[in-house]
Amino acid sequence: LPAGRQLALSDFPIFGLACRLAESYPHARLVLSTRDFDSWWRSEKRDVLCSWMAAYVECNRASAARFDAREPGHTVCTRSATHELQCKLGYSFMQFFWRAPFDSFCALLSQGEPLCTNSDDTRWAPLRAGFEARVEEHISSIRACVPRERLHVFALEEPPEVV
């Protein structure tokens, strides 16, 4: 960027690329937002894994059983071509960033396992541990590659519960 210009990037699609961005923009300051893992995990499980990703994985599993998966242009899992692209990019990102824990989650779903209907299911424990290890690895890698004077760590706090 030219001197004096500012640019903010957040979340998908740049999540997981902080070290590359820090190297490419040596004068940029980076903000690392952290959050209590338990709180993050509840929302990741509910809003991403068991909502967006589970529906996409399940639909693809079910449609593969009904149709030849090699059929070009086969889109039965999404509302539109744009939504299909968003789902594919999201799925690719999840595989890229989360790696083994996400692959394990998808493997359970692709077998038709009703994982998301029971949050107390014991199969969540290794998935949670894998995601937590990946979050810790991510934070450590950012702290290691971004000079201290360019990194601002912002710890998010949970809002008080409304009673």
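Me: What relative accessibility makes R99 count as partly exposed?
Reply: R99 counts as partly exposed because of its relative accessible area (buried is under 20%, exposed over 50%, partly exposed in between; 1.4 Å probe, protein chains only). This is a predicted model, where local features need pLDDT of at least 70, side-chain atom pairs need 80 or more, and totals for chains, interfaces and linings use all residues. Residues are numbered from 1 along each chain as its sequence is written, and side-chain values use heavy atoms, without hydrogens or water. For R99, the value is 39%.

Me: Where is R99 found, and what is its phi?
Reply: R99 sits in the loop between α3 and α4 (100-110) (helices are DSSP runs of H or I, at least four residues, numbered from the N terminus). Its phi is positive, though R99 isn't a glycine, and lies near 55°.

Me: Which residues are closest to the centre of the second largest pocket?
Reply: That pocket holds about 170 Å³ of space (an open set of points on a 1 Å grid over the protein atoms alone, with protein on both sides within 12 Å along at least five of seven lines; volume is the space filled by probe spheres on the points). Of its 13 lining residues (an atom within 4 Å of a point), the closest to the centre are G16, R99, R134, H138 and S141.

Me: Which helix gives the most to that lining?
Reply: α1 (18-24), α3 (81-98) and α5 (124-145) each supply at least two residues. With five residues, the top contributor is α5.

How values were computed: 1 Å grid on protein atoms, 1.4 Å probe; cavity = no way out; pocket = protein on both sides within 12 Å on 5 of 7 lines; lining within 4 Å.
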